[in-house]
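Open the model in a viewer and keep the selection tool at hand.

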Amino acid sequence: MFAVVQHILPKRLLSRFVGVFALVRWPLLKNILIRLFIRSYAVDMSTSKRKTPEEFETFADFFSRELIPGLRPISSDSTTITSPVDGVVSQSGIIQRGKLLQAKGHTYSVAELIGQDCSDLEGGSFLTLYLDPSMYHRVHAPINAILSKTIEIPGKLFSVNGQSVHGIPNLFCRNERLVCNLQTDAGAVRLVMVGALIVASITTSWPGPSSPYRRRVERSPRGVQFNRAEEMARFTLGSTAIVLVPPSFGSLDRFEPDSPIKMGEHIGFKHDRTERP
């Protein structure tokens with residue numbers, strides 16, 4: 001029923017309406033919104049650098065709040081691939097015949113998802129992570145890499161929660177998304193940030209794409225590179241991040257659906273090119 005209702009909802013208008021309130025600076029209203037949200041979603045503020053509603057300029061500022069510095073130690077192992085977000089595993093597995101698993105009985109096209117050639121990803125691995133509204137909403141680089149290309153793909157704003165994933169075929173290919181090519185000397189890892197209902201913006205840490213996306217645009221940023229776990233972007237409200245790793249670079253671990261994962265945790269290994277047979 002929830003999936004059916006979404007087809008008739010004015011999703012973009014609703015997201016814009018909520019976005020207006022997210023930017024309100026009037027202290028009384030802003031503080032009430034933040035307190036209600038913390039209570040409704042049982043937000044754990046002990047991990048946040050700023051603790052009280054009064055410390056945030058707007059609700060959007062609260063929603064993209066930063067963690068306490070050093071809270072998430074990052075492995076010193078240079079072959080480790082780390083989670084780009086705090087999230088819950090939606091699906092993980094192997095990319096076969098150009099398809100990814102969305103939910104039981106539902107697959108979708110990698111080429112359609114990322115809007116570019118994906119032949120190098122065949123036989124590689126993927127991990128889909130859902131960020132629920134209570135979670136930390138900054139996105140970090142899973143590897144050391146150069147940002148060689150971004151693709152802004154306009155689309156719908158369906159919810160990406162569990163009900164929608166099971167009830168709306170081809171969900172992630174329908175929604176607005178930002179595709180990032182993270183180039184290494186062993187291939188390009190793709191990180192896909194998927195917009196969703198009420199997600200009014202995906203804000204990047206480098207000058208470039210600004211959502212909502214009106215048309216498909218490819219960009220080739222100059223001089224943008226990231227160290228593993230360095231911040232790349234921020235979501236407004238819950239959404240999804242998908243990591244796609246080519247077999248030439250490494251592989252991601254398999255996870256059971258609904259497994260919680262924290263930003264910076266180990267999710268896979270890249271091949272150690274220093275090893276010799």
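A salt bridge here is a side-chain nitrogen of Lys or Arg within 4 Å of a carboxyl oxygen of Asp or Glu. This is a predicted model, in which local features need pLDDT of at least 70 and side-chain atom pairs count only at pLDDT 80 or more, while totals for chains, interfaces and linings use all residues. Residues are numbered from 1 along each chain as its sequence is written, and side-chain values use heavy atoms, leaving out hydrogens and water.

Select arginine 190 and aspartate 120: they form a salt bridge, with the closest N and O atoms 2.6 Å apart. Arginine 190 sits in strand E9 (residues 187–194) and aspartate 120 in the loop between helix H5 (110–114) and strand E5 (125–131), 70 residues apart. Helices (H or I, at least four residues) and strands (E, at least two) are DSSP runs, numbered from the N terminus. Arginine 190 is buried at 3% relative accessible area, whereas aspartate 120 is partly exposed at 30%. Buried means under 20% relative accessible area, exposed over 50%, and partly exposed in between (1.4 Å probe, protein chains only).

Next, select arginine 35 and glutamate 54, a salt bridge with its closest N and O atoms 2.5 Å apart. Arginine 35 lies in helix H3 and glutamate 54 in the loop between H3 and H4, so the pair ties together parts 19 residues apart in sequence.

Then select glutamate 57 and arginine 25, whose salt bridge has its closest N and O atoms 3.0 Å apart. Both residues are exposed.

Finish at tryptophan 26, in the loop between helix H2 (11–22) and helix H3 (27–41). Tryptophan 26 counts as exposed because its relative accessibility is 54%.
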